[in-house]
Amino acid sequence: MKPRCWAEFEMTAHFGMRSLTVDDVSEAYVGWLNDPQTTRYMPCVAKSGPVTIESQRDYVRWILDSEDACIMGLFRDSRLVGTSGAQRLGADSEFATIGVLIGSADDRGRGLGTAFVWGVTELLHSQLAMREVRATIAATNPASVAVFRKAGYSECGEVDGVITVRSVEGQRVEAARVGIRGWRSFRA
Ligand SMILES: CC(C)(COP(=O)(O)OP(=O)(O)OC[C@H]1O[C@@H](n2cnc3c(N)ncnc32)[C@H](O)[C@@H]1OP(=O)(O)O)[C@@H](O)C(=O)NCCC(=O)NCCS
C-alpha cells in the first residue's frame with residue numbers, strides 16, 4: 001500500500017502538509033481551480049472544463065486509490081492554502097513529477113510556494129525514496145520558475161517554451177534557506 005506522509009513546519013506561522021482528503025474539497029478550493037488567471041499555467045486543469053465540488057472529490061478519491069500518485073495540502077492552522085500533486089511514485093519509476101498551487105492571490109508572494117515545493121520534495125526524497133523529482137513549467141511563468149529554483153531545483157531542458165527542472169537527492173538546499181525555521185515529518 002502507498003505510504004502516507006505528512007509534515008509540519010514553522011515559518012512566521014505554523015503550517016502543516018498532509019495528504020488531502022475528500023473533506024478538504026471546499027467551495028474556496030474549487031473556486032481556485034475555476035479561476036482562469038490561477039490556472040493559466042496549469043494546462044490539465046485549464047482544459048478540464050468547470051470543476052465542481054463533486055468532480056474534485058472524485059478526483060481526490062481517484063488519487064487516494066492510486067498506487068503511484070498523491071496530492072498534498074498545505075494548511076495554515078486548519079485553512080487550506082495550497083495543493084501539490086505528485087505522480088510517478090512507483091518503486092521502479094526513474095523520477096517523480098510534481099506541480100504546485102497556492103490558491104489565493106493574497107497568499108502568494110510570501111514564500112509559501114517555495115516552502116511547500118521544498119517540503120513536498122523533501123518527503124518524496126526522504127520518505128518515498130525518490131532519487132529524482134521533476135517539474136515542467138511554462139517559461140512564461142516566472143513565479144513558478146523562481147519557486148522551483150529557490151527550492152533547490154536546477155533546469156535540465158526546455159522544449160517549446162516548457163522548462164523541465166529537477167531535484168536530485170543529495171543536492172538539496174537547507175530548510176532555513178527557504179524560510180523554514182523548524183521541520184518535522186512523519187510516515188504511516
Ligand atoms: C507559482 C506559485 C506557486 C508561486 O507561489 P508563491 O507562494 O507566490 O511563491 P513564493 O512567494 O514562494 O515565491 C515567488 C517568487 O516568484 C517571484 N516572482 C513572482 N512574480 C514574478 C514575476 N512576474 N517575475 C519574476 N519573478 C516573480 C517572486 O519575486 C518570488 O521570488 P523572491 O522570493 O526571490 O522574490 C503561485 O503563484 C501559484 O500558485 N500560481 C498559480 C498556479 C501555478 O502557476 N502553478 C505552477 C504551475 S508549474
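Around the ligand stand 21 residues, and Arg108, Gly113, Thr114, Pro142 and Ala143 come nearest; a residue counts as near when its C-beta atom, placed from the backbone, lies within 6 Å of the molecule. Please keep in mind that this is a predicted model, where local features need pLDDT of at least 70, side-chain atom pairs count only at pLDDT 80 or more, and totals for chains, interfaces and linings use all residues. Residues are numbered from 1 along each chain as its sequence is written.

**The ligand shell**

- At least two residues of the shell come from each of β6 (101–102), α4 (112–126) and α5 (142–150).
- Among the contributors, α5 gives the most, with 5 residues.
- By type, the shell holds 11 nonpolar, 8 polar and 2 charged residues. Here Ala, Val, Leu, Ile, Met, Phe, Trp, Tyr, Cys and Pro are nonpolar, Asp, Glu, Lys and Arg are charged, and the others, Gly among them, are polar.

**The chain as a whole**

- The chain has 5 helices and 10 strands. Helices (H or I, at least four residues) and strands (E, at least two) are DSSP runs, numbered from the N terminus.
- The C-alpha trace spans about 40 × 40 × 35 Å along its principal axes.
- Of the 188 residues, 31% are buried, that is, they have 20 or more other C-beta atoms within 10 Å of their own, with C-beta atoms placed from the backbone.
- Of the contacts between residues at least 6 apart in sequence, 58% join residues at least 24 apart. A contact needs C-beta atoms, placed from the backbone, within 7 Å of each other.

**Strand β4 and its partners**

- Strands β3 (residues 70–76) and β4 (residues 79–87) run antiparallel and are joined by 7 bridges; strands pair if DSSP finds at least two bridges between them.
- Phenylalanine 75 faces leucine 80 in β4 as its opposite residue.
- The hairpin of β3 and β4 has 2 residues between the strands, and aspartate 77 takes a positive phi near 50° there.
- β4 also pairs with β6 in the antiparallel sense, over 2 bridges, and glycine 82 has isoleucine 102 in β6 as its bridge partner.
- Strand β5 (residues 96–98) runs antiparallel to β4 as well, with 2 bridges; in β5, threonine 97 stands opposite glutamine 87.

Notes. Buried ≥ 20, exposed ≤ 12 C-beta atoms within 10 Å, placed from the backbone. Contact = placed C-beta atoms within 7 Å.
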